[in-house]
Amino acid sequence: MATQWYNLGGGDFVLVGGSNIGAILHEGRAIVVDAGLDKEAARKALRALEGEGARVAAIIITHGHADHFGGVGWLAEQARAPVYASPLEGVFATQPLLEPLFLYGGAAPIVELQGKFTLARQGVAAITPLNVGPQAIAGIPLEIVPLPGHAPQQIGVAHDATLYCGDVVFPEETLERHPILFCADMDAWLASLERLPTLPYTGYIPGHGEPIRDIAPSAACNAARLREIRALVWETLATPQEAPAILRAVATHYGVTFAAPQFFLLALTTIHAALASLQAAGQAAVVMDDNRMLWHRTT
Ligand SMILES: [Zn+2]
């Protein structure tokens, strides 16, 4: 994907590419927000920052997915800069194997999960854990905003009126192409999306796609998709089902054909998230039946 460097004014920049790399510039220092899939992506951001006369003073990771932190280890070494993340997401960035391990149910991952989209080539040597709230990093005043759901402890980075918001929203085109968006915690994500339009920011820089001025339509569209998936899962439970069969039904509804096991496993996580949400709401329950883990409706 072609990359483009945007100057949004007020010291806010973003390199829009496969995964976006944000940058907050202040008196020649830069805080980089996520660093892309790999060192090639991070190198492009470093060059763009050099072009602005800025040196990387710190790196913040919004969440521990390889397409966001794969370039961080290299960039941190080059810049000798500290790396910050929420405690849980930071663990994923220091231990890249955790992501494919989780996607494969805790077992040593199959080769299909060892591509760089799910297994970063380089981890981050050390993470400084971040708490939410206002704070200064590298002498730059920021606010760390909790945005959990897509990943369990995802955060956003607010600088003045701009929020670098990770994967809390996906562009509409992405939702068209990949209808079953990756979700770890459906209730937490829906709550994040409900809160998003009430936040006081006038610019949003998502992890994928172009910067956004009005976040409300995007938040509504992502929330609608999550609710639709949750409803589809519940509908599928008219007869008791195992999770992979539920995924198959949801994929059929959206006309999705998974081309490889990793795409199936990513989407299966979303189905598991929907089932946990339904269980928590008292709308579904799981039972063991003849060595099958069967989900059924309770409402
Ligand atoms: Zn992500």
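Analyst: **The largest pocket and its surroundings**

Three helices, α1 (39–51), α6 and α10 (261–280), each give at least two residues to the lining of the largest pocket. The model is predicted. The space in this pocket comes to about 1500 Å³. Its lining counts 50 residues. D67, F117, T174, H178 and H208 lie nearest the pocket centre.

Now take α6. This helix spans residues 172–177, and E172 lies in it. E172 also belongs to a negative surface patch, together with E173, E176 and E210.

D38 sits in the loop between β4 (29–33) and α1, while K116 sits in the loop between α5 (98–103) and β7 (128–129). The two form a salt bridge, with the closest N and O atoms 2.7 Å apart. Because of where these loops fall, the pair ties together parts that are 78 residues apart in sequence. The model has four salt bridges in total.

About 70 Å³ of space lies in the largest cavity. Its lining is formed by N20, I21, G22, V33, D34, T62, Y164, C165, G166, I205, P206 and G207. Strands β3 (21–26), β11 (162–166) and β12 (203–206) each give two or more residues to that lining. β11 has the largest share, with three residues.

Definitions and conventions:
Residues are numbered from 1 along each chain as its sequence is written. This is a predicted model: local features need pLDDT of at least 70, side-chain atom pairs count only at pLDDT 80 or more; totals for chains, interfaces and linings use all residues. Side-chain values use heavy atoms; hydrogens and water are left out. Patches are made of residues with over 30% relative accessible area and no salt bridge: like charges are joined within 9 Å, nonpolar side chains (Val, Leu, Ile, Met, Phe, Trp, Tyr) within 5 Å. Accessible areas come from the Shrake-Rupley method with a 1.4 Å probe; for residues, only the protein chains shown count as cover. A salt bridge is a side-chain nitrogen of Lys or Arg within 4 Å of a carboxyl oxygen of Asp or Glu. Lys and Arg count as positive and Asp and Glu as negative; His and the chain ends are not counted. The place of a charge is taken as NZ of Lys, CZ of Arg, CG of Asp or CD of Glu. Helices (H or I, at least four residues) and strands (E, at least two) are DSSP runs, numbered from the N terminus. On a 1 Å grid over the protein atoms alone, a cavity is a set of points where a 1.4 Å probe fits but cannot get out, and a pocket is an open set with protein on both sides within 12 Å along at least five of seven lines; lining residues have an atom within 4 Å of a point. Grid points are joined across faces, edges and corners, and a volume is the space filled by probe spheres set on the points.
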